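This report describes selected features of one protein model.

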Amino acid sequence: MRTEICEKLGIEYPIFAFTHCRDVVVAVSKAGGIGVLGAVGFSPDQLKQELDWIDEHIGDLPYGVDIVIPQKYEGMGEMNPEKLEAMLKDMVPDEHHEFAKKLLSEHGVPEWPDSDDEMGLLGWNEAIATLLVDEAITRPNCRLIANALGTPPASIIERIQDSGRLVGALCGKVKQAVRHKEAGLDFIIAQGTEGGGHTGEVGSMVLWPQIIDAVGDLPVLAAGGIGNGRQMLAAMSLGAAGVWTGSLWLAVEEAEAEPEQKESYFKATSEDTVRSRSWTGKPCRMLKNDWTEAWASEETPDPLGMPLQGLVTTDAIRRTHKYAGVGECQKVAFNPVGQVVGMINSVESCRDVIFRLLSEYVDAMERVNNLMPKE
Ligand SMILES: Cc1cc2nc3c(=O)[nH]c(=O)nc-3n(C[C@H](O)[C@H](O)[C@H](O)COP(=O)(O)O)c2cc1C
């Protein structure tokens with residue numbers, strides 16, 4: 001099952017695991033896949049700490065880092081993070097802050113203990129993402145960088161490739177994949193609508209083969225809706241060079257999530273997710289709850305664009321995370337996850353997930369082979 005991208009990265013299986021947890025990054029790489037750390041929520045200093053820890057624990061195995069530079073966002077072009085943050089903060093109407101506060105207090109979510117500890121702008125802009133890339137490319141074992149929500153700017157692509165690493169990006173439309181290829185990316189991640197996080201409207205089964213055909217020799221990793229080895233075999237049969245997974249790792253043994261959050265994933269069915277702009281400003285698949293419903297109502301403020309809506313919601317993210325089991329926190333918590341959540345019903349270790357995917361893949365291939373006439 002080794003594909004060209006496995007050779008380039010020095011991994012055994014083409015299984016890519018997107019995660020925000022450093023322990024998952026290390027455990028997946030140790031099991032023969034490759035862990036990719038989502039960096040958007042970290043400041044450059046925090047990312048440094050996370051990567052120090054990964055480097056100490058991963059041995060000589062490779063890993064990746066994921067950043068978010070959207071194709072379009074408010075404040076684009078401003079490369080000074082402080083100026084950008086001040087400019088964006090001025091653009092957020094009080095009404096939005098008030099509405100978010102009201103939702104949290106109605107659901108009994110405690111205030112953050114230190115009122116002076118204000119949340120700043122997260123990394124979904126070029127100004128901060130560039131600092132994150134600069135940190136990642138100092139790490140010998142970081143072998144790939146991926147970008148969400150757009151083709152990375154030419155200067156970022158050059159920086160990453162000049163450092164000897166692979167650069168890729170996610171997309172949910174054929175035209176975005178073609179744009180990625182024209183920009184010279186090394187690989188593409190084609191994510192169908194069923195995937196967790198920011199996602200488009202076309203389903204994986206329809207999107208993957210179209211993107212694979214449109215970009216020729218460029219390796220395409222299939223994302224969106226992969227929870228078992230049968231789905232992985234489907235992706236590989238359609239021509240994918242590997243699978244890029246996210247939801248699968250949210251409730252593993254090594255994941256840092258609160259027990260209440262893991263429980264909400266186990267309880268959820270595939271019908272319980274929604275694409276909502278209510279947390280980040282761009283359509284993102286997550287568990288449906290009172291928060292997503294409230295922002296979707298006609299009578300309430302419309303979510304702002306990215307990254308303005310993030311300035312309204314980062315405090316809610318940290319409070320509902322810290323107090324996950326208090327009051328009705330889970331009803332207003334940010335739980336990005338894909339439709340595959342309906343298949344995630346128990347805690348497994350990363351190693352067990354990888355080996356389950358592989359054995360299910362082999363069983364499914366045998367089944368398909370057995371359908372051929374024996375002669
Ligand atoms: C909790 C969560 C957060 C995500 N955040 C990001 C992100 O910051 N950057 C990114 O490139 N993809 C992000 N994604 C998308 C994943 O990289 C991946 O493409 C997706 O999870 C694949 O679909 P699946 O959830 O069905 O496996 C996120 C996914 C989840 C579940």
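## Salt bridges and their network

The side chains of Lys-48 and Asp-52 meet in a salt bridge, with an N to O distance of 3.4 Å; a salt bridge is defined here as a side-chain nitrogen of Lys or Arg within 4 Å of a carboxyl oxygen of Asp or Glu. The model is a predicted one, in which local features need pLDDT of at least 70 and side-chain atom pairs count only at pLDDT 80 or more, while totals for chains, interfaces and linings use all residues. Residues are numbered from 1 along each chain as its sequence is written, and side-chain values use heavy atoms, with hydrogens and water left out.

Both Asp-52 and Lys-48 belong to helix H3 (residues 44–57), where they are four residues apart, about one turn of the helix. Helices (H or I, at least four residues) and strands (E, at least two) are DSSP runs, numbered from the N terminus. Asp-52 is partly exposed at 29% relative accessible area, and Lys-48 is partly exposed at 38%. In these terms, buried means under 20% relative accessible area, exposed means over 50%, and partly exposed lies in between (1.4 Å probe, protein chains only).

Asp-55 forms a salt bridge with Arg-139, and the closest N and O atoms are 3.0 Å apart. Asp-55 lies in helix H3 and Arg-139 in the loop between H6 and strand S4 (142–148), so this pair ties together parts that are 84 residues apart in sequence. Asp-55 is partly exposed at 26% relative accessibility, whereas Arg-139 is buried at 7%. Through salt bridges that share partners, Lys-48, Asp-52, Asp-55, Glu-135 and Arg-139 are joined into one network.

A further salt bridge links Glu-348 and Arg-356, with 2.9 Å between the closest N and O atoms. Arg-356 is partly exposed, with a relative accessible area of 23%. The count of salt bridges comes to 17.

## Nonpolar cores

The largest nonpolar core has 53 residues, of which Leu-51, Ile-54, Tyr-63, Val-65, Ile-145 and Trp-291 touch the most other members. Helix H6 (residues 126–136) supplies the largest share of this core, six residues. A second, separate core of 38 residues includes Ile-211, Ile-212, Val-215 and Ala-222. A nonpolar core is a set of buried Ala, Val, Leu, Ile, Met, Phe, Trp, Tyr and Cys residues joined through side-chain atoms within 4.5 Å.

## Surface patches

A patch of positive charge on the surface brings together Lys-72, Lys-173, Lys-175 and Arg-179. Lys and Arg count as positive and Asp and Glu as negative, while His and the chain ends are not counted; the place of a charge is taken as NZ of Lys, CZ of Arg, CG of Asp or CD of Glu. Lys-72 is located in the loop between strand S3 (63–68) and helix H4 (81–91), and its relative accessibility of 64% classes Lys-72 as exposed.

Val-202, Met-205 and Val-206 form a nonpolar surface patch with about 260 Å² of accessible area together. Val-206 lies in helix H9 (residues 204–214) and is partly exposed at 48% relative accessibility. Patches are made of residues with over 30% relative accessible area and no salt bridge, with like charges joined within 9 Å and nonpolar side chains (Val, Leu, Ile, Met, Phe, Trp, Tyr) within 5 Å. Accessible areas come from the Shrake-Rupley method with a 1.4 Å probe, and for residues only the protein chains shown count as cover.

## Backbone geometry

Most residues other than glycine have a negative phi, and most peptide bonds are trans. Met-306 and Pro-307 are joined by a cis peptide bond, with omega about 0°. Pro-307 is placed in the loop between helix H12 (290–296) and helix H13 (308–322).

Leu-149 is not a glycine, yet has a positive phi of about 75°. Leu-149 lies in the loop between S4 and helix H7 (154–162) and is partly exposed at 24% relative accessibility.

Met-119 is found in the loop between helix H5 (94–106) and H6 and is partly exposed, with a relative accessible area of 29%. Met-119 and Val-312 are 193 residues apart along the chain, and their C-alpha atoms are separated by 9.7 Å.

Glu-194 occupies the loop between strand S6 (187–191) and strand S7 (197–198), where Glu-194 counts as buried at 18% relative accessibility. The C-alpha atoms of Glu-194 and Glu-7 are separated by 29 Å, and these residues are 187 residues apart along the chain.
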